[in-house]
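Thanks for coming, everyone. Please look at the screen, and we will walk through a few spots together.

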Amino acid sequence: MVPGHRNMHSVLFSFSFHCRYTQPAVERFEIDFFVDGLPLYKSSRTIFWPILMGIHNLPNAPVMTVAIFCGESKPLYAEEYSGQFVDEMNELQRVGIWIGKRHYTVHLRSIIADSLARAFIKGVKSHNAYSACMKCTIITERDGNRVYFPYGAPCESRLHGLHGADKYPDHKIHMTPLVRLHKCDIICDIVVAEAMHLFYKGVMCKLLILWTEGFRDLGCKMTRRQQRELSAHLRSLKLPSDFQRKLRELQYVKLWKASEFKMLLLVAGFVVLKGRINNVAYHFMLLFVAVTLLSTSYHRAK
């Protein structure tokens, strides 16, 4: 594993280069950090794991690179990956930073990562494992090949202090430097409500596979004719300009990207599915309405 790390002071100073004519009209920087793996080539195992940062209260500020780790897999240990970042962020939160003659405080606002990256940086089991919930101590159950969280099962909320004291041996895999990060509750401050894996590549993907490959006795599997008609309808759709990827036929569902599931769920599904799946399966509309309401503040009660 080959780490490449920039001192965070130098990152913020490089940002000050953009502000040499107009200093930021804020008193503190509220910073979001982004963590994920990025494959470089389809024919190579080489992968980048960058740590990026954006200043939330300065939306026009550029996204900046804090660190990049390169290797043939993700970093072996969270300490190797984020230890130096934690130490530098603690220092910045303690003393702030000067740009020109003006002093700015630095505040950690959020750490953003998908399910797999989030499990790695927290040093815990992934989302599909036994005792994998990052918020409470509920235990998963197995039904054949399916693993699920039983509804209404008794459990307790996880706590930052107990996590750092290794009180969750069934959940924790290795130590993480994030427990040393000041003003960061490793349970409450790392968000787990991530739409891509929960809604699009999660629920929507499961529904499509059930409707195309499921059992007829469930009352929701489409006939071959319905699947052909639906695939033809998907090919003929004229999509909104903010969706760059055309929807593929149902035979490629297992290869669909998250953006395709998102398009079907939020835009096209209630049109192309009507009349092609029965009323039992068309409770899809409940999912469509719920995700629409939760995906924007437009419908929030005033």
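Asn90 is buried, at a relative accessible area of 10%. Buried means under 20% relative accessible area, exposed means over 50%, and partly exposed is in between, with a 1.4 Å probe and protein chains only. Asn90 belongs to helix α2, residues 78-95. Helices are DSSP runs of H or I with at least four residues, strands are runs of E with at least two, and both are numbered from the N terminus.

A quick word on the source. This is a predicted model, where local features need pLDDT of at least 70, side-chain atom pairs count only at pLDDT 80 or more, and totals for chains, interfaces and linings use all residues. Residues are numbered from 1 along each chain as its sequence is written, and side-chain values use heavy atoms, with hydrogens and water left out.

Back to Asn90. Which residues is Asn90 in contact with, leaving aside its neighbours within four places in sequence? They are Arg180, Leu181 and His182. Contact means heavy atoms within 4.5 Å. Take Arg180: from Asn90 it is 90 residues apart in sequence, yet 8.5 Å apart in space, C-alpha to C-alpha.

Next, backbone angles. Most residues other than glycine have a negative phi. Lys183 is not a glycine, and its phi is positive, about 60°. Lys183 sits in the loop between α4 (160-164) and α5 (195-213). Is Lys183 buried or exposed? Lys183 counts as exposed, at 60% relative accessibility.

Ser131 also has a positive phi, near 55°. Find Ser131 in the loop between α3 (115-122) and β8 (141-143). Ser131 is buried, with a relative accessible area of 4%.

Now the inside. A nonpolar core is a set of buried Ala, Val, Leu, Ile, Met, Phe, Trp, Tyr and Cys residues joined through side-chain atoms within 4.5 Å. The largest one has 37 residues, and Phe29 and Phe33 have the most contacts inside it. Elements giving two or more residues to this core include β2 (28-35), α2 and α3. Another core lies apart from it, with 30 residues, among them Tyr200 and Leu287.

Last, the outside. Tyr41 is in the loop between β3 (38-39) and β4. Tyr41 is exposed, with a relative accessible area of 54%.

That is the tour. Questions, please.
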